[in-house]
Structure formats: structure tokens, C-alpha cells
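Colleague: Before we use these terms in our report, I should like to hear the grounds for each of them. Please set each value against its criterion.

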Amino acid sequence: MNFQVTATQSGSLARTGVLETPNGSIKTPAFMPVGTSGAVKTLSAEEVKSLGAEIILGNTYHLRIRPGEKVIEKFGGLSKWSNWNGPILTDSGGYQAYSLGRAKNKLSKITEEGVKFRSHIDGKLLFFSPENVLDIQRSLNSDIAMVIDDCPPIEATEKRVRQAVYRTTDWAKRSIEYWQQQKMGEQGRALFGIIQGGLFKELREQSAREIQELPFDGIAVGGVAIASEGKEKINKAVDYVAHLLDKSRPHYLMGVGEPADLIRMVDKGMDMFDCVLPTRLARHGSFWTTEDYQLKTISHAAYTEDSAPLDQNCQCPTCQKYTRSYLRHLFMVNESLAMRALSIHNLSVLLELMKRIRASIENDTFKTEFSDYVS
Ligand SMILES: [Zn+2]
């Protein structure tokens, strides 16, 4: 992998760059749609590509359970198998192993060796280690693989977060060692490390130092993923490390995807984002507009006879073809086209926003253009 910074914004940590992977290059800052189980929910790979996405994220946990990475390996990896044919990033699966396993049967357990958990589908006992999650991601033929980390809930105690930072560093070292020993970085594949530390400044700083000492291709900030965690918490966790991040490597903020958060986090030097929000919100009938990037709900009675598109300024296929009235009706009668149409629109809003952000950084106008969001 190769990463080049192409422009920087004065008075900000915002920058544009180009990330080259074995399956193509990506302009940053970039938003990565999430294809949880091999597809961005309700959409085809071709549709996602036509909206301007250059990289998608696949979930190791879900693909490990169904159909199993060996099936996908037979087809040359996830990118080919799904007809995406472009760059992919895969997570380690650790977060889902812990959270889904814990939610379903309280049986997932983190030890020094890794995470023991039961499949949320059939209860089968499974195990993720720093080494075997890299094997799985290699079978998926990821362009960018993620290390497994210990990611406690954001409200965890300082004692628990300290333990997570210690374990995350220990696992990061094992990951790098295995990655190098197995020559997994050949052909330009990349491995990213993850900074933990919750909402504790000293622990975030320690984790940033320890992770960046290792020769990772990129650096991720983890542990702020859940949308409900709130803006203050995301701000805090990122502020503690933003100035410490190695400028020569790409910075990936995991799980953040509200439009206003994307703008604020680009200002803090973040280059890559992923989030299930655009498609999850669409399935619940919610959409953003580019006017103020606030959420609206299609079920609103005022839309019953509204002949306008979801967003007057949006060029996406949904806004070119359908009225709010029709989309509201589809949603009210549970037609799956409503979910697809809103998913297309929401993804388009985020991907177009990233395009606008990149252009403004190149023109050195990011701070003025987005002054409503950044100070
Ligand atoms: Zn639209």
C-alpha cells in the first residue's frame, strides 16, 4: 500500500490524499459503505460503485460464520465474489464476536489468547485470535486488514480501559509479527493498527504511542463507533490523539458516519470512515438532506402529497425519479423499494459530501465552506 498526502488545509488538520491498494486507488477523505455480509444492504455492488464509492468494508465476523471464508477464497476473495472488483477493507471481527456473542448468550470471553464466543446464528463455539483473524482476512483477500483489538464499551471503568489498552498493544505486536512472518503484506496488502483508550486522555496517548511504534500501514482510532455515543465523546476521544497521529500514514476513524461528524472529524485529520448509518437509517425511513445535513423521516404526514424529491439539490437516481409522496407511500406499505431508494439517497449524500470536502481542502476553503460545523 502507498499513501500520499496531496493537499492540506491551513488552520486545520484536514488533508486530502491518495491511497493505493492492490485493487485500485482511493481518494481521501473517504467514506466506506459497509457491506456487512457481502453486500451493502439492499444494494448491488454496481449501484454502490455508481454512487461514487471507491472502497467498501466487509465484516469478518459475519462472513466467517456464513458462508465461511474458505468458500469466498475459492472465488478469489470478497471483492471478486461480490462483483465489487475494487478495494475492500475488512474489520477483524473482534468487536462483533464480543458484542453479538455477549448480547445473545453472555458466553463470549476475552482472554490473553483471544476472544471465545458463540455464533449468534447457531451457537457454535468459535475463537478469534490476533493470528487467525489475519488468516481469515487473507482468505477474503482484503486490500486493508485490521488487527483484532480489545474494545470495551465507552462507559467502561478506567481499570477496564487500562487493561484493554495493554491487551490491544500486546495483540497488535502479535499481529505485526504474524503478518510479517506469513509475508501477508506482499502484493501491497495493508495492515492497520487500532488505538484504544476510551475517554481517558492518558490512556489514549499511551495507546497512540504504542500502536504507532509498530510498522502499521495505517492507524485507526477505535472505541467511538456506536452512533448513540454522542458528539462530545467522539470529540474527546479524537482530540486526545489528533495531534499525535503520524502524518505520513492514513488515519481511520472507525464507525462514525453522521454528516456533521464526518466534517468535524476531517478537520481533526481523519482520512477514512465507515458506518452502517446511511443504510440502517434508510431501512427505518430516515434520510438526510444536503441543505442542513439533518435527519428527516419519510413517514411524516406532510409528505403525503409532496411532489418534491427527497432533496432538491441531490443528483442521485432516487431524487431524479421519485417524489416524496411516492416514497412515503412505499415506506408505509412496507415495499422494499422504499428501503433501496432511501439507501441510495443516503449513501449518495455522504459520498457527495466527501467529494465536496476533498474539493474544498484542495482549494484551501474547507474552514470557510464548513464554518457552521467547525470552529
Ligand atoms: Zn438523493
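Colleague: What makes β2 largely enclosed by the rest of the structure?

Modeller: This is a predicted model, and within it 5 of the 7 residues of β2 are buried, so the strand is described as largely enclosed. A residue counts as buried if 20 or more other C-beta atoms lie within 10 Å of its own.

Colleague: How do you know that β1 and β2 pair, and in which sense?

Modeller: Two strands pair if at least two bridges are found between them. β1 and β2 (residues 15–21) have 6 bridges, in the antiparallel sense. Among the partners, phenylalanine 3 stands with leucine 19 of β2, and glutamine 4 with valine 18 of β2. The two strands form a hairpin with 6 residues between them, and glycine 11 in that turn has a positive phi of about 75°.

Colleague: On what grounds are β2 and β3 said to pair?

Modeller: The criterion of at least two bridges applies again; β2 and β3 have 5 bridges and are antiparallel. One of the bridges sets threonine 21 against glycine 24 in β3. A hairpin through 2 residues joins β2 to β3.

Colleague: Why are β1 and β3 placed at the edges of the sheet?

Modeller: The open sheet has 3 strands in the order β1-β2-β3, with antiparallel pairing. β1 (2–8) and β3 (24–28) each have a single partner strand, so one side of each lacks a neighbour in the sheet. From one strand to the next, the twist averages 15°.

Colleague: Which helix lies across this sheet, and at what angle to β2?

Modeller: Helix α14 (residues 336–362) lies across β1, β2 and β3 and runs at about 120° to β2.

Colleague: How do you know that the span of α14 agrees with its number of residues?

Modeller: The expected span is 1.5 Å times one less than the number of residues. For the 27 residues of α14 this gives 39 Å, and the end C-alpha atoms are 39 Å apart, so the two agree. Of these 27 residues, 20 are buried, so α14 too is described as largely enclosed by the rest of the structure. Just after α14, aspartate 364 takes a positive phi of about 60°.

Colleague: What makes both faces of strand β14 count as covered?

Modeller: In β14 (residues 272–275), Met272 and Asp274 are buried on one side, and Phe273 and Cys275 are buried on the other. In a regular strand the side chains alternate between the two faces of the sheet.

Colleague: Which strands pair with β14 in the parallel sense?

Modeller: Strand β4 (residues 30–35) pairs with β14 over 4 bridges, in the parallel sense, and proline 33 stands opposite cysteine 275. Strand β13 (residues 251–253) is joined to β14 by 2 bridges and runs parallel to it; this meets the criterion of at least two. Leucine 253 stands opposite phenylalanine 273 in β14.

Colleague: Why is the crossover from β13 to β14 called right-handed?

Modeller: The chain passes from β13 through helix α10 (residues 259–267) to β14. With the strands pointing away from the viewer, a clockwise path over the helix is called right-handed, and this β-α-β crossover is right-handed.

Colleague: How do you know that the radius of gyration agrees with that of a compact globule?

Modeller: A compact globule of 375 residues would have a radius of gyration near 21 Å, and the protein chain has 20 Å, so the value agrees. Along its principal axes, the C-alpha trace spans about 60 × 50 × 40 Å. Of the 375 residues, 50% count as buried.

Definitions and conventions. Residues numbered from 1 in each chain as written. Predicted model: local features only at pLDDT ≥ 70, side-chain atom pairs only at ≥ 80, totals over all residues. Axes fitted to C-alpha atoms, helices over the stretch in contact; angles between N-to-C directions. Contact = placed C-beta atoms within 7 Å. Buried ≥ 20, exposed ≤ 12 C-beta atoms within 10 Å, placed from the backbone. Rg over C-alpha atoms; globule rule 2.2 N^0.38 Å.
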